[in-house]
Amino acid sequence: MSGVWGNKIKYSIFGESHGEGIGMVIDGLKSGIELDLDFIKGEMARRAPGKDNLSTTRKEGDNFKILSGFFNGKTTGTPLCVFIENTNKRSNDYDKIKEIIRPSHADYTGKMRYNGFNDYRGGGHFSGRLTAPLMFAGAIAKQILKRKNIIIGSHIKSIKHIEDDYFNDDNLNESTIESLLNQQFPLININKKEIMEEEILKAREEKDSVGGVIECAILNVKPGVGSPFFNSVESTISQLLFSVPGVKGVEFGLGFEITKLNGSEANDELYIEEDIIKTYSNNNGGILGGITNGMPIVFRVAIKPTPSIGRPQRTVDISKMENTILQIEGRHDPCIVKRAVPVIEAVSAMAILELIEEGYNYD
């Protein structure tokens with residue numbers, strides 16, 4: 001199973017949604033790094049479910065226990081292992097559908113990949129529950145990056161067809177990022193909050209779900225980070241983004257919209273301000289040739305509608321090889337976009353930290 005990522009810092013994720021617990025081993029962290037555990041708890045609380053009627057009613061405190069690699073408030077340099085117990089499980093919800101393939105879940109692909117030995121309860125290792133260890137790892141990466149003045153923040157760009165504002169020259173700054181980090185439903189235009197929430201609640205009432213888009217920005221990364229081709233900034237970030245369950249698309253800068261412009265409109269022209277080279281626009285999202293140019297790194301992530309819905313759906317009983325109808329029961333999010341926001345930030349922090357650690361003189 002491909003549960004390990006990273007070169008300079010290696011992350012090994014483990015656990016299943018309804019197993020005893022989940023966690024991660026982080027190998028490669030330098031010794032002597034001071035960790036703010038309260039900050040980590042706060043970051044993980046941003047993702048945790050059960051806080052309002054916009055998410056699943058499954059309440060998990062995501063209380064973590066560091067088993068190794070941390071002593072007297074600082075990293076030891078040896079592998080850091082964190083364990084998060086699963087305390088609120090209702091595995092019986094899945095017993096009667098263990099042979100019924102849930103549409104748009106990994107039930108079928110997981111069964112084929114692991115010859116039927118995978119844990120099917122709540123999606124097992126494929127579950128969004130596994131994003132909790134990602135939050136822990138990302139919170140550590142965020143702390144290390146913050147000491148290098150690198151700041152990461154994001155907002156809900158859209159819920160279904162309802163759009164928030166884009167990041168732009170006027171709002172893309174540390175003040176905006178700080179404001180977004182303090183919002184439970186992070187938006188640039190807070191007037192969109194009520195209608196977005198209404199759209200999510202409407203989906204819940206109709207036993208359906210909705211998706212959306214998250215826009216993320218990484219500020220103050222110096223120029224020269226990244227490499228062309230296989231270790232480009234885009235490919236490194238994207239690999240982790242697509243490791244987050246539910247992510248179906250990623251675009252940097254203007255993304256697909258840049259195809260509608262002429263080169264004279266799309267090009268980011270340059271100027272010098274106080275001996276710093278900048279660009280008048282940021283259509284390329286702060287990355288050229290796979291390498292940072294010093295402008296904000298900006299990208300958007302498409303999150304699909306939650307596949308677990310209460311409506312009857314056509315599927316198959318794989319044990320009988322027969323067509324059947326499935327109506328899913330249990331506790332599910334009508335929209336996972338809100339809870340995915342901090343996860344996108346977490347994996348982005350892991351990616352940027354890895355790029356910086358790959359031999360760059362980054363002080």
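How many bridges pair strand E17 (residues 313-317) with strand E18 (residues 322-326), and in which sense? The two strands pair over 5 bridges in the antiparallel sense.

## Basis of the model

This is a predicted model, in which local features need pLDDT of at least 70, side-chain atom pairs count only at pLDDT 80 or more, and totals for chains, interfaces and linings use all residues. Residues are numbered from 1 along each chain as its sequence is written, and side-chain values use heavy atoms, with hydrogens and water left out.

## Overall form

The protein has 8 helices and 18 strands. Helices (H or I, at least four residues) and strands (E, at least two) are DSSP runs, numbered from the N terminus. The radius of gyration is 21 Å, close to the 21 Å that the globule rule gives for 363 residues, so the protein is as compact as a globular protein of that length. That radius is taken over C-alpha atoms, and the globule rule is 2.2 Å times the number of residues to the power 0.38. The C-alpha trace spans about 70 × 50 × 35 Å along its principal axes.

Of the 363 residues, 50% are buried. Buried means under 20% relative accessible area, exposed means over 50%, and partly exposed lies in between (1.4 Å probe, protein chains only). The accessible surface comes to about 17,800 Å², and carbon and sulfur atoms hold 50% of that area. Accessible areas come from the Shrake-Rupley method with a 1.4 Å probe; for residues, only the protein chains shown count as cover. Among contacts (heavy atoms within 4.5 Å) between residues at least 6 apart in sequence, 73% join residues at least 24 apart.

## Sheets and hairpin

Two strands pair if DSSP finds at least two bridges between them. E4 and strand E7 (residues 80-85) are antiparallel and share 4 bridges, with isoleucine 66 opposite valine 82 in E7.

Another open sheet of 5 strands runs E9-E8-E10-E16-E11, also with antiparallel pairing. Here strand E9 (162-163) and strand E11 (247-252) are the edge strands, and each pairs on one side only. Strand E8 (residues 151-159) is joined to E10 in the antiparallel sense over 8 bridges; in E10, valine 213 is the bridge partner of serine 158.

E17 and E18 form a hairpin with 4 residues between them. Aspartate 317 stands opposite glutamate 322 in E18, and methionine 321 in the turn has a positive phi of about 55 degrees.

## Exposed residues

Asparagine 72 lies in the loop between strand E5 (70-71) and strand E6 (74-75). Its phi is near 55 degrees, a positive value in a residue other than glycine. Asparagine 72 is exposed, with a relative accessible area of 66%. Phenylalanine 229 also has a positive phi, near 60 degrees. Phenylalanine 229 is in the loop between strand E10 (212-219) and helix H6 (233-241), and counts as exposed at 70% relative accessibility.

Leu270, Ile272 and Ile277 make a nonpolar surface patch of about 350 Å². Patches are made of residues with over 30% relative accessible area and no salt bridge; like charges are joined within 9 Å, nonpolar side chains (Val, Leu, Ile, Met, Phe, Trp, Tyr) within 5 Å. A salt bridge is a side-chain nitrogen of Lys or Arg within 4 Å of a carboxyl oxygen of Asp or Glu. Isoleucine 272 sits in strand E12 (residues 270-273) and is exposed, with a relative accessible area of 63%.
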